[in-house]
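This report goes through a helix, a sheet and some backbone details of one structure. Please keep the sequence and the 3D view at hand while reading.

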Amino acid sequence: MEQVWEMHAESVVFGEVRYEPGGAFGPRIQSEHQLVLVHEGWADIEVDGRAFRLEKDHVSLQLPGRREFFSFADNRPTLHSWCAVNLAGLSPGVQSAIEGAPRFRPISRRLEETVKAGLALGCEVQTVSKM
């Protein structure tokens, strides 16, 4: 049987943005637990000095307190969405499980549907020109 944990979120925010070729964001300190989904293009993400590429149709788990910098595809626009969750009072077991989770993986149909539903609550797509 699948393990189920109960967690309480102080806030949940969905968003979506399109970066023009060569766009970048950061550096910043991540303040929440955040899922970043790439729908078009790709993103090179540096977290605390370690870099990885998040390809189209993949999701990344970003953890609070980490220094992040995002560079987006230089040859095409990158469309990505996110779900940021401010989790309150995580038990050590849940925190350990989250920290041990894979940092990126393919986007599941269930996650994509959840993010689309969150975006439908009232989010506009932003376009960011190269900075």
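## Helix α2

A residue is called exposed here when its relative accessible area is over 50%, buried when that area is under 20%, and partly exposed in between. The model is a predicted one, and the descriptions that follow should be read with that in mind.

Helix α2 covers residues 109-120, and at 1.5 Å a residue its 12 residues should span 16 Å; the C-alpha atoms at its ends are 16 Å apart, which agrees with that expectation. Its buried residues are Leu111, Val115, Gly118 and Leu119. Viewed down the axis of α2, these buried residues fall within an arc of 100°, so they line one face of the helix. On the other side of α2, the exposed residues are Arg109, Arg110, Lys116 and Ala120.

## The open sheet

Four strands, in the order β2-β7-β4-β5, make up an open sheet whose pairing is antiparallel. Its edge strands, each of which pairs on one side only, are β2 (24-29) and β5 (50-54). On average, and with direction ignored, neighbouring strands of this sheet are turned by 15° against each other.

Within the sheet, strand β4 (residues 43-47) and strand β7 (residues 67-72) run antiparallel and are joined by 5 bridges. Aspartate 44 has serine 71, in β7, standing opposite.

## Backbone details to check

Most residues other than glycine have a negative phi, and most peptide bonds are trans.

Aspartate 48, found in the loop between β4 and β5, has a positive phi of about 50° although it is not a glycine. With a relative accessibility of 46%, aspartate 48 counts as partly exposed. Aspartate 57 likewise is not a glycine, yet has a positive phi of about 65°; this residue is found in the loop between β5 and β6 (58-62). Aspartate 57 has a relative accessible area of 40% and is therefore partly exposed.

Key
Residues are numbered from 1 along each chain as its sequence is written. This is a predicted model: local features need pLDDT of at least 70, side-chain atom pairs count only at pLDDT 80 or more; totals for chains, interfaces and linings use all residues. Side-chain values use heavy atoms; hydrogens and water are left out. Helices (H or I, at least four residues) and strands (E, at least two) are DSSP runs, numbered from the N terminus. The expected span of a helix is 1.5 Å times one less than its number of residues. Buried means under 20% relative accessible area, exposed over 50%, partly exposed in between (1.4 Å probe, protein chains only). The arc is that of the directions from the helix axis to the C-beta atoms. Two strands pair if DSSP finds at least two bridges between them. Axes are lines fitted to C-alpha atoms, for helices over the stretch in contact, and angles run from 0 to 180 degrees between N-to-C directions.
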